[in-house]
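Please view the model alongside the points below.

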Amino acid sequence: MRGWPSHGGRPEPVLHRFGLTAGSGMLDFSANLNPLGPPPWLAERLGGCLAELSVYPDPDYTAAREAIARAEGLTPGQVRLTNGGAEAIFLAAALLAKRGACRAVVVQPTFCEYERACRHYGIAVQHLELEGEHFELDESRALDAMGEADAVLLCRPNNPTGTLVACDMIERMLVVGQQYGTTLVVDEAFIDFVTPDERLTPLLTRYDNLLLLRSMTKLYAIPGLRLGYLLGDGPSVEQIARLQLPWSVNAVAAALVVPLLEDQDYLQRTQSWLDIERPWLQGELETQGLRVVPSCTNFLLLQDGGARPMSALLEHMARCGVLARHTYNFIGLDGAWLRVAVRSRQENTQLLDAIARWRTS
Ligand SMILES: Cc1ncc(COP(=O)(O)O)c(C=O)c1O
């Protein structure tokens, strides 16, 4: 784990390990961003936002929250705009701590920031491992966790497995949680890449022990802008608002929420790309003999059954100009898998070519 970056999208430290530098041709499959890139109108719009810099943002981000609430079928009081999904994670942990949570269960392997956020606020963390070939959450163990911990945190679809805990299991977890006063925190940073009927938002009208964390980074390919939001019941969101640093979202990012949500064409183009490209890439990887976890989102977790370690495949791919995501900091994967983003057909073909060369090397 030492020396490996804890997030994707940072090629330099990984390439450095292999004595390589990030040339202009390096394709980064380690960050799960929409390969369409930011919506084409964004660059011009950013220029137009410069006037926003000379005034403080609305501290409540009213227009952005109203637009999100409309899109999600909620009230603005159930929405808090955040500085990326990352701030939403830390605000959720801050709320748990404020409400006296001492013990959280994090479903693993998953994104490392849930554990970091809980520990930051003094909440002890235990792990509940996904099981089997397809990394499934065992329902009875999940219900036990909801009965025993103060909070359960999970990612849906899960980074890095791409798997999704079913809505009805989530609801059964919430029912147990209500009995025991346990909060379920679900990070849905990648939910925009999943079919809309898998959204948990309707549950927010029935359960006050559910928090949903969202990121606008992945769908709109804007990691540098820092936009996300948190959804919950009114009182929780109000308490979170009191815990949040003032103006934590900059005015330019906040001003872009409404036009981003209005761009239906971009959503459709994204869906059309992913509907074709994910099954195609998964099929081609399997044809090359790799084990691929069936994913419902825009990345794939894969493993080679051969004797050579996955770090050797990672290095080989980097030497071929494609960078995959190592899995050293995913608990339970410990480097034995690689994660790759689904990108455009041409880019995915380059990835497959690199793997084909590995097979014959
Ligand atoms: C599952 C998950 N949640 C949240 C985040 C943070 O997203 P953001 O860039 O919006 O802070 C990431 C980033 O990689 C992620 O993978």
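Helix H3 (residues 62-72) and helix H10 (residues 251-262) make a left-handed crossing, meaning that the near helix is turned anticlockwise from the far one by less than a right angle. This is a predicted model, in which local features need pLDDT of at least 70, side-chain atom pairs count only at pLDDT 80 or more, and totals for chains, interfaces and linings use all residues. Residues are numbered from 1 along each chain as its sequence is written, and side-chain values use heavy atoms, with hydrogens and water left out.

**Helix pair**
- The axes of H3 and H10 come within 8 Å and cross at roughly 25 degrees (axes are lines fitted to C-alpha atoms over the stretch in contact; angles run from 0 to 180 degrees between N-to-C directions).
- H3 and H10 are therefore roughly parallel (an angle under 35 degrees).
- From H3, Ala63, Ala64, Ala67 and Ile68 meet Ala254, Val257, Val258 and Leu261 of H10 (contact means heavy atoms within 4.5 Å).
- This contact has 8 nonpolar, no polar and no charged residues (Ala, Val, Leu and Ile are among those counted as nonpolar).

**Sheet**
- An open antiparallel sheet is formed by 3 strands in the order E9-E10-E12 (strands are DSSP runs of E, at least two residues; helices are runs of H or I, at least four; pairing takes at least two bridges).
- Strands E9 (290-292) and E12 (338-341) are the edges, each pairing on one side only.
- E10 (residues 299-304) is joined to E12 by 4 bridges, and Leu300 stands opposite Val340 in E12.
- Helix H12 (residues 310-319) lies across E10 and E12, at about 35 degrees to E12.

Notes: Parallel < 35°, antiparallel > 145°, perpendicular 65-115°, else oblique.
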